[in-house]
Amino acid sequence: MRQCDFLELAAPGVRTLQPYQPGKPESELRREYGLTDIIKLASNENPLGPSPRAVAAIQESLHELARYPDGNGFELKTALAARLGIPPETITLGKGSNDVLELVARAFLTPEHEAVFSEYAFAVYPIVTRAVGAVARVARANPADHAMPYGHDLEAMGALISQRTRVVFIANPNNPTGTWFSPQALEDFLENVPPGVLVVVDEAYREYMDPADLPDTLGWLERFPNLIVTRTFSKAYGLAGLRVGYAVSHPHVADLLNRVRQPFNVSNLALVGALASLDDEEYLVRARTLNEAGMAQLKAACDALELSCLPSAGNFLCIDMQRPGQEIFLALLARGVIVRPVDNYNLPRFLRVSIGTQPENERFIQTLAEVLAA
Ligand SMILES: Cc1ncc(COP(=O)(O)O)c(C=O)c1O
């Protein structure tokens with residue numbers, strides 16, 4: 001057989017990449033362990049399921065499946081623009097916000113350029129940066145005894161910005177740590193970034209934040225034309241499986257992102273589902289309320305089990321297991337509870353647990369207590 005070292009053939013940036021590690025799907029656990037009673041708190045999904053409005057709209061659109069979607073997403077962009085009070089030409093749609101993060105890398109990064117992000121930042125930033133051969137400059141994060149332990153240190157990030165920097169990725173709040181910034185800290189950072197450096201503020205979990213901590217990122221766009229805000233329908237809007245997200249930016253930036261966007265990147269069902277859930281305020285309120293209650297439930301359980309957790313403004317909690325998280329992860333898995341180990345983030349003692357429904361949280365807590373006592 002003719003042998004070929006495909007690794008040698010791969011683009012240099014791709015050779016050292018590790019694939020993104022998704023949460024374990026329930027179906028895999030069913031196959032591997034023969035379990036049937038499974039809960040998954042591993043991918044920061046919305047435990048409410050999708051908005052009924054999205055389901056109804058999708059059902060009504062099923063007959064459209066033989067057609068390509070509207071490649072410009074006119075209706076969804078128009079509705080988003082009206083809701084957010086922004087011009088439609090500032091919006092770039094993606095199949096999830098991950099897609100938009102990749103568009104930023106493809107449009108602005110080259111092997112001659114650098115992207116800056118923090119240690120423990122969302123795993124997609126290094127992937128999209130290195131995949132295009134650009135250099136990742138990783139800023140050290142806050143120390144463990146900081147008020148936002150392991151969170152981004154904006155000063156350290158700013159210090160890494162050089163002539164070669166084209167993009168800075170900031171997650172607010174960040175996954176997997178859950179840490180966030182005061183609006184003032186973020187605004188001060190933007191004031192000091194050179195105008196030729198694009199700053200992506202990733203707001204995947206924005207809807208879960210305390211209103212007092214919400215930055216007016218869209219309102220800042222005029223003052224900071226180098227700002228790109230990314231948001232998603234995957235989390236509070238409960239449409240992770242549909243894959244819709246978007247960026248809001250200066251129209252010239254949006255034009256460049258759209259040049260590298262695949263035609264029809266967002267499916268027709270995704271477009272109608274997102275459109276239908278956009279104004280489902282009642283659903284959003286339920287999602288937030290459930291998350292707040294679940295967060296309190298999990299935090300109280302951590303206190304009772306004498307486990308500390310990182311502060312979180314998202315729909316998940318990063319818990320310090322005080323021993324290798326993998327051990328606990330596997331023991332939970334064997335009992336049908338899927339959570340997320342974060343050793344790939346260099347946080348080997350932690351587990352990230354997504355907030356579920358009250359009974360799901362309860363089951364996680366009981367199972368964890370059992371595992372810790374074993
Ligand atoms: C911080 C952050 N940004 C972006 C995303 C991407 O989500 P999606 O591609 O589903 O919009 C995630 C998903 O986990 C995330 O945690």
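**Close-up views of a predicted model**

**View 1. Helices H4 and H11 meet side by side in their sequence lists: Arg53, Ala54, Ala57, Ile58 and Ser61 of H4 touch Leu269, Val272, Gly273, Ala276 and Ser277 of H11.** Sorted by type, the residues of this contact are 6 nonpolar, 3 polar and 1 charged. The two helix axes come within 8 Å and cross at roughly 145°. The crossing of H4 and H11 is right-handed. Please keep in mind that this is a predicted model.

**View 2. Helix H4 spans residues 52-61 and has Ala54, Ala57, Ile58 and Ser61 buried.** These buried residues line one face of the helix, because they fall within an arc of 100° when H4 is seen down its axis. On the other side of H4 you will find Pro52, Gln59 and Glu60, which are exposed. What do the buried residues of H4 pack against? Their partner is helix H11, residues 268-278.

**View 3. Helix H11 is mostly covered, with 9 of its 11 residues buried.** The buried residues are Asn268, Leu269, Ala270, Leu271, Gly273, Ala274, Ala276, Ser277 and Leu278. Which elements do they pack against? H4 is one of them, and helix H5 (74-84) and strand E2 (91-94) are the others.

**View 4. A salt bridge joins the side chains of arginine 137 and glutamate 114, at 3.4 Å from N to O.** Arginine 137 belongs to strand E4 (residues 135-139) and glutamate 114 to strand E3 (residues 114-118), so the pair ties together parts that are 23 residues apart in sequence. Are the two partners buried or exposed? Arginine 137 counts as partly exposed, because its relative accessibility is 29%. Glutamate 114, with a relative accessible area of 4%, is buried. As background, side chains of opposite charge can pair when their charged atoms come close. The structure holds 20 salt bridges, and the next view turns to others.

**View 5. Glutamate 203 forms salt bridges with arginine 206 and with arginine 231.** For the pair with arginine 206, the N to O distance is 3.2 Å, and both of these residues are buried. For the pair with arginine 231, the closest N and O atoms are 2.9 Å apart. Glutamate 203 sits in the loop between strand E6 (198-202) and strand E7 (227-232), while arginine 231 lies in strand E7, so this pair ties together parts that are 28 residues apart in sequence. Glutamate 203 counts as buried because its relative accessibility is 0%. Arginine 231 is buried too, with a relative accessible area of 6%. Elsewhere, salt bridges that share partners join Lys24, Glu28 and Glu32 into one network.

**View 6. Tyrosine 20 lies in the loop between helix H2 (12-15) and helix H3 (26-33).** Its relative accessible area is 34%, so tyrosine 20 is partly exposed. Which residues does tyrosine 20 touch, not counting those up to four places away in sequence? The contacts are Phe122, Ala123, Val124, Ile127 and Arg340.

Notes
Residues numbered from 1 in each chain as written. Predicted model: local features only at pLDDT ≥ 70, side-chain atom pairs only at ≥ 80, totals over all residues. Heavy atoms only, no water. Buried < 20%, exposed > 50% of the residue type's maximum accessible area, 1.4 Å probe, protein only. Helix = DSSP H or I, 4+ residues; strand = E, 2+ residues; numbered from the N terminus. Arc of directions from axis to C-beta. Contact = heavy atoms within 4.5 Å. Salt bridge = Lys/Arg side-chain N within 4 Å of Asp/Glu carboxyl O. Axes fitted to C-alpha atoms, helices over the stretch in contact; angles between N-to-C directions. Left-handed = near helix turned anticlockwise from the far one by under 90°. Nonpolar A, V, L, I, M, F, W, Y, C, P; charged D, E, K, R; others polar.
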